[in-house]
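Reader: Got a structure open here and a few quick things to ask. Can you walk me through it?

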Amino acid sequence: MTRRDYLQLMAAAAGPLAPAIRASGDADRETRMKWWHEARFGMFIHWGLYSVLGRHEWVMENEGIPVAEYEQLAQRFHPKPNAARDWARLAKQAGQKYMVMTTKHHEGFCLFDSKLTDYCAPRQGPGRDLVKEYVEAARGEGMRVGFYYSLMDWHHPDGARCATDDAARRRFVDYIHGQIRELLTNYGKIDVLWYDVAWPLKAAGWESEKMNAMVFQLQPEIIVNNRNGLEGDFATPEQHITAGNRAWESCMTMNDSWGYQRADDNWKTPRTVVRNLVTCAHDTGNYLLNIGPRPDGSIPEDSVRILTAVGKWMERNGPAIYRSEKCQPGSSDYAGFSRQGNTLYMHVYYWPGDTAALGGLMNRVKSARFLATGKEVKFDQDQFRLRLTGLPAKAPDDPVTTFALECDGEPRQETTESVRKQRPRLKA
Ligand code: GLC
């Protein structure tokens, strides 16, 4: 499958789900997912042999590199010891609560110790179990631990022919199930299993029901995504933020590549990242933001810079993000919103100057303050408009300034126009 085919497939999947068979685990889903919903912000890590080339994680497919040639990269992959500790420290600093690392991407190279193949880190260049290092590093910083695992496999000889040859399918499905079993048996408690790309089979071919049943049997508290052909516990909009009517997590790159791509300098600004986080929090979604470490495991400096800035903001403004509840107000050209209880958080992206205003708020505001400092903000309110006044000329917080507006009920906004209709303005 080409990357273009894949992207088309993803676009199609963003539409209404085919009548999906429910994975097991329905009954206790709420309990299993509580921490995840509260967490809101996670770190995605794409790391593998493609990092050695530094030209995106699809390089093998997109440059047509033969398996025998690509395999040689495994001898050139020599990460520094415990590189994952820096990732976990950075994730913690950034205010992220969980991590999801590629244990095996489409290239087929396993970063974990597998009895089912020699094409794995302990028996190739690295000479170590990189998944073990990752799990220990993440746990050490109090992070929840997620495993990304690609079903599609460009290295396994049956990875493509399984679609047309049932004996190949049998071998390949046993291999995949076997590796998932290894991953969920050998590393202690795992919090998230993040399947990817089910090409070229469908759920029935992958035996996905059985796969998930095994997963829940090995890790009763785990949560799984929806990319093995079943609904799983959460949906996975990719590179866009679109709320669904079920649990969802938007995964996004920080530049334009998941795997390390040396020349990709199209970095999102810290403000864009915060803004995306707010957009997710507004609709109770999670934001899984990617880093693509270099082959030695070091994190590109721009990613460190961005996540550090976001982390400083999160330190001051985290209460507006973690545990956010569904927020109805959403109409402003310079701010985004999130909510917890009766508190409406107004996140100002483009600072308007000495007065900020919001039209159509249907609640009485009881108090207004800067979330970062707790400092009171003066305000007045009539039936159409809330005005926050006496503000500094320059935005006091960076990259986004957040107001906490305590309301007399669950915050609700209507268009000023409809408010005018409901409460006609008194004649002067
Ligand atoms: C797609 C891409 C892959 C990336 C993933 C992250 O599946 O094929 O490279 O790992 O998206 O969501």
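Reader: First up, how many disulfides does the count come to?

Author: Zero disulfides, with a disulfide taken as a pair of cysteine sulfur atoms within 2.5 Å. Some ground rules first. This is a predicted model, where local features need pLDDT of at least 70, side-chain atom pairs count only at pLDDT 80 or more, and totals for chains, interfaces and linings use all residues. Residues are numbered from 1 along each chain as its sequence is written, and side-chain values use heavy atoms, with hydrogens and water left out.

Reader: Is Cys 251 buried or exposed?

Author: Buried, at 1% relative accessibility. Buried means under 20% relative accessible area, exposed over 50%, partly exposed in between, with a 1.4 Å probe and protein chains only. Cys 162 is buried too, at 2%.

Reader: Which residues of α11 are buried?

Author: Among them are Pro 270, Val 273, Val 274, Leu 277, Cys 280 and His 282.

Reader: What do they pack against?

Author: The buried residues of α11 pack against strands β1, β6, β7, β8 and β9, plus helix α12. Contact here means heavy atoms within 4.5 Å.

Reader: What comes just after α11?

Author: Thr 284, with a positive phi of about 55°.

Reader: Pockets now. How much space lies in the second largest pocket?

Author: About 170 Å³. The search runs on a 1 Å grid over the protein atoms alone: a cavity is a set of points where a 1.4 Å probe fits but cannot get out, and a pocket is an open set with protein on both sides within 12 Å along at least five of seven lines; lining residues have an atom within 4 Å of a point. Grid points are joined across faces, edges and corners, and a volume is the space filled by probe spheres set on the points.

Reader: Which residues lie nearest its centre?

Author: Asn 255, Tyr 260, Trp 267, Pro 300 and Ser 303, out of 18 lining residues. β7 and α12 each give two or more residues to that lining. The largest share, three residues, comes from α12.

Reader: How does the lining of that pocket divide?

Author: Six nonpolar, seven polar and five charged. Ala, Val, Leu, Ile, Met, Phe, Trp, Tyr, Cys and Pro count as nonpolar, Asp, Glu, Lys and Arg as charged, and the others, Gly among them, as polar.

Reader: How many cavities of 30 Å³ or more?

Author: Two. The second largest cavity has a volume of about 40 Å³. Its lining includes Trp 47, Trp 87, Arg 128 and Glu 133.

Reader: Last one. Where is His 105?

Author: In the loop between β2 and α7. His 105 is buried, at 3%. Beyond four places in sequence, its contacts include His 46, Glu 57, Trp 58 and Met 152.

Note on methods. Helix = DSSP H or I, 4+ residues; strand = E, 2+ residues; numbered from the N terminus.
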